[in-house]
Structure formats: structure tokens, C-alpha cells
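Please open the model in your viewer and keep the selection panel at hand. The stops below proceed from one selection to the next.

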Amino acid sequence: LDSRATVGVKGAEQRLAGTPLIDDYIKTPEAVMDYLTRFSGLVPGDLDPQTSPHHLIPLKRAYMKLRYLVDKGYTFVGH
């Protein structure tokens, strides 16, 4: 099972350039087998609601936030 762990979106318009619009971590009900830390930067505890220092949200909520930006006309460039 592959899962998204984080989602980040930064503004590109002049007034929003580089400003984080979304910087969320996705909580998952599944156990994490490999954080792939060297690629993801995630470490054990980052996705645990009891110990995470990050803002955790359900995957569906992350999709809804991204959809809102798409509906507002934002363009996404991924990597």
C-alpha cells in the first residue's frame, strides 16, 4: 500500500509568492512500514496524532482543500 503523507502548496502570484497555502500532513489508519526518510523527510511520530508536531488531516480533507484551489483557478506544478 502506497500513501501520501504530506501535501504542500505555495503561492506563485506576486502577492503570494512562496507563501504556504497548504502545509498539511495526512493521517492514515494504516501502520507505516517505511517512512522513506531520506526522500520524504518523515520520521516515526510525524503521522501519529498523539506525538506529531505537525498539523494532521484526513486524506479526504486534503483532497477537498486541493479541489478548492483548483476550482479557484490555481495552477499546480508538481515534482
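Begin by selecting Lys 60, which lies in helix H2; helices (H or I, at least four residues) and strands (E, at least two) are DSSP runs, numbered from the N terminus. Before going further, note that this is a predicted model, in which local features need pLDDT of at least 70 and side-chain atom pairs count only at pLDDT 80 or more, while totals for chains, interfaces and linings use all residues. Residues are numbered from 1 along each chain as its sequence is written, and side-chain values use heavy atoms, with hydrogens and water left out.

Is Lys 60 buried or exposed? Lys 60 counts as exposed because its relative accessibility is 64%, where buried means under 20% relative accessible area, exposed over 50%, and partly exposed in between (1.4 Å probe, protein chains only).

Next, select residues 59-71, the 13 residues of helix H2, which reaches 18 Å from first C-alpha to last, close to the 18 Å expected at 1.5 Å a residue (the expected span being 1.5 Å times one less than the number of residues). Just after H2, Gly 73 takes a positive phi of about 95°.

Now show the strands, three of which form an open sheet of mixed pairing in the order S1-S2-S3; two strands pair if DSSP finds at least two bridges between them. Strand S1 (6-10) and S3 stand at the edges, each with a single partner strand, so one side of each has no neighbour in the sheet. S1 and strand S2 (residues 20-27) run antiparallel and are joined by five bridges, and Val 7 stands opposite Asp 24 in S2.

For the core, select Val 7, Val 9, Ile 22, Ile 26, Ile 57, Ala 62 and Leu 69, the seven residues of the largest nonpolar core; such a core is a set of buried Ala, Val, Leu, Ile, Met, Phe, Trp, Tyr and Cys residues joined through side-chain atoms within 4.5 Å. S1, S2 and H2 are the elements that give two or more residues to this core. A second, separate core of five residues includes Ala 5, Tyr 25, Leu 42 and Leu 47.

Finish at Ser 52, in the loop between helix H1 (37-40) and strand S3 (56-58). Ser 52 counts as buried because its relative accessibility is 15%. Not counting residues up to four places away in sequence, Ser 52 touches Gly 45 and Asp 46, contact meaning heavy atoms within 4.5 Å.
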